[in-house]
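I opened the notebook to record what I looked up in this structure. Entries follow by topic.

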Amino acid sequence: MASKNGEIERAIAAAMKNYHIPGLAAGIFKNERVVFAKGYGVASLELGTPISPSMPFRIGSISKSFTAAAILMLAEKGKLRLDDSIAKFFSNAPAAWRSITVEDLLAHRSGIADYSNKKFSKQGGIFDLRQDFKESELVRRSYRLPIEFNPGKKFSYSNTNYMLLGFIIRKITGEFYYRFIKKGILAPLGMNSAAVYNHSEIVNGRPSGYEFSAGRIANARFVSDTFNNTADGALYCNIFDMAKWFSALYNHKVLSKNSVDQMLSIKTPIRGSNYGYGYGWFVRENKTGKVAEHTGSWGGFTAVVKMDFASKTAVAVFTNISRGSSRWLLDEASKILGLAEVGRC
């Protein structure tokens with residue numbers, strides 16, 4: 001691995017220049033062993049504070065893997081079934097919701113439109129991201145979203161699915177979904193940097209978030225507390241705590257082997273038969289086993305994680321900038337960290 005460090009350093013420097021990245025933390029992990037971890041650039045353009053790999057970054061939709069795990073934990077305890085209709089958990093739900101199952105939400109097969117689509121989330125829209133709403137009001141507004149295809153028939157990524165899963169967790173447990181995740185996952189694993197985002201809270205070492213648009217870097221746009229706390233993308237943590245999550249999945253620390261296998265089973269293929277979405281993860285099946293990956297982009301941050309289950313090796317790249325699609329970072333992470341070779345470290 002030492003011989004690769006120079007190559008990684010050069011690739012990271014090139015990516016930061018090409019994509020105007022203020023700050024970046026990168027890590028390669030073999031089970032929980034740190035193979036490579038380093039911070040680059042700055043956490044604050046205003047202050048010039050350098051990035052440390054121990055700093056907590058917002059991970060956006062990577063949070064979905066924790067929400068999915070929480071649902072599977074409830075299923076293991078017999079609190080719900082994955083084939084339950086979601087109408088069971090939402091009073092006055094539209095008739096069309098009766099044919100949507102919990103599994104359809106997990107696998108992005110519900111057909112419910114994505115609330116974060118600009119036509120719904122713009123100023124004055126059904127889900128104006130600058131406004132605060134009570135949870136009950138978010139549910140009622142979700143009823144107004146169109147069903148774009150027959151539930152269970154195909155894959156269509158929608159943040160609404162995981163927002164609703166968070167509400168189902170409260171319906172069953174009586175508590176905010178994050179409280180359940182903290183008690184059942186984060187605390188037992190010692191993921192001490194991981195928490196739900198709160199813009200007013202003082203968090204030691206938390207970087208500032210930025211956006212790149214129209215050829216310039218700017219502070220991330222304001223989003224209300226409501227939409228910084230939904231179960232589709234609210235968490236932040238550092239790369240070392242993410243390694244603990246990887247290890248927990250490899251070694252079945254919080255979920256049974258059967259549940260992890262369910263999580264990493266492709267429900268609806270996306271490109272060919274060997275790539276698709278499980279529960280909270282995009283999954284690729286290759287000759288040696290499964291590779292799980294996810295990106296996240298929210299509030300001026302973009303993150304990517306990728307796990308090779310055959311070698312129990314993972315990579316994580318967190319940045320404090322967002323720029324539309326987060327696919328660019330997944331591509332860069334694979335290039336920068338040479339995932340195909342990481343298993344040989």
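Before the sheet, a term: I take two strands as paired if DSSP finds at least two bridges between them. The model is predicted.

**Sheet.** I traced the strand order first. Nine strands form an open sheet, and the order I read is S3-S2-S1-S14-S13-S12-S11-S10-S9. The pairing is antiparallel. Which strands stand at the edges? They are S3 (49-50) and S9 (268-269). Each has a single partner strand, so one side of each is left without a neighbour in the sheet.

I then looked up one pair within that order. S1 covers residues 23-30 and S2 covers residues 33-44. These two strands pair in the antiparallel sense over eight bridges.

**Helix H2.** I went to residues 64-76 next. H2 has 13 residues. From first C-alpha to last, the helix reaches 18 Å, close to the 18 Å expected at 1.5 Å a residue. Is H2 mostly covered or mostly open? Mostly covered: 11 of its 13 residues are buried. I listed them as Lys-64, Ser-65, Phe-66, Thr-67, Ala-68, Ala-69, Ala-70, Ile-71, Leu-72, Met-73 and Leu-74. Just after H2, I found Gly-78 with a positive phi of about 75°.

**Salt bridges.** Side chains of opposite charge can pair when their charged atoms come close. How many salt bridges does a search of the whole structure find? It finds 14. I wrote up some of them.

Lys-88 and Asp-84 meet through their side chains at 3.4 Å, N to O. Lys-88 counts as exposed at 56% relative accessibility. Asp-84 counts as buried at 10%. The cut-offs I used are under 20% for buried and over 50% for exposed.

Arg-109 and Asp-104 form a salt bridge at 3.2 Å, N to O. Arg-109 is buried, with a relative accessible area of 11%. Asp-104 is buried as well, at 4% relative accessibility. I also found Glu-103 linked with Asp-104 and Arg-109 in a network of salt bridges.

Arg-170 and Glu-135 form a salt bridge, with the closest N and O atoms 2.9 Å apart. Arg-170 lies in H6 (residues 159-173) and Glu-135 in H5 (residues 135-142), so the pair ties together parts that are 35 residues apart in sequence. Arg-170 is partly exposed at 30% relative accessibility. Glu-135 is also partly exposed, at 25%.

**Pocket.** Last, I checked the second largest pocket. Its volume is about 330 Å³. I counted 16 lining residues for this pocket. Which of them lie nearest its centre? Arg-58, Tyr-197, His-199, Ala-220 and Gly-299 do. By class, I logged the lining as seven nonpolar, six polar and three charged residues.

Conventions: Residues are numbered from 1 along each chain as its sequence is written. This is a predicted model: local features need pLDDT of at least 70, side-chain atom pairs count only at pLDDT 80 or more; totals for chains, interfaces and linings use all residues. Side-chain values use heavy atoms; hydrogens and water are left out. On a 1 Å grid over the protein atoms alone, a cavity is a set of points where a 1.4 Å probe fits but cannot get out, and a pocket is an open set with protein on both sides within 12 Å along at least five of seven lines; lining residues have an atom within 4 Å of a point. Grid points are joined across faces, edges and corners, and a volume is the space filled by probe spheres set on the points. Ala, Val, Leu, Ile, Met, Phe, Trp, Tyr, Cys and Pro count as nonpolar, Asp, Glu, Lys and Arg as charged, and the others, Gly among them, as polar. Helices (H or I, at least four residues) and strands (E, at least two) are DSSP runs, numbered from the N terminus. The expected span of a helix is 1.5 Å times one less than its number of residues. Buried means under 20% relative accessible area, exposed over 50%, partly exposed in between (1.4 Å probe, protein chains only). A salt bridge is a side-chain nitrogen of Lys or Arg within 4 Å of a carboxyl oxygen of Asp or Glu.
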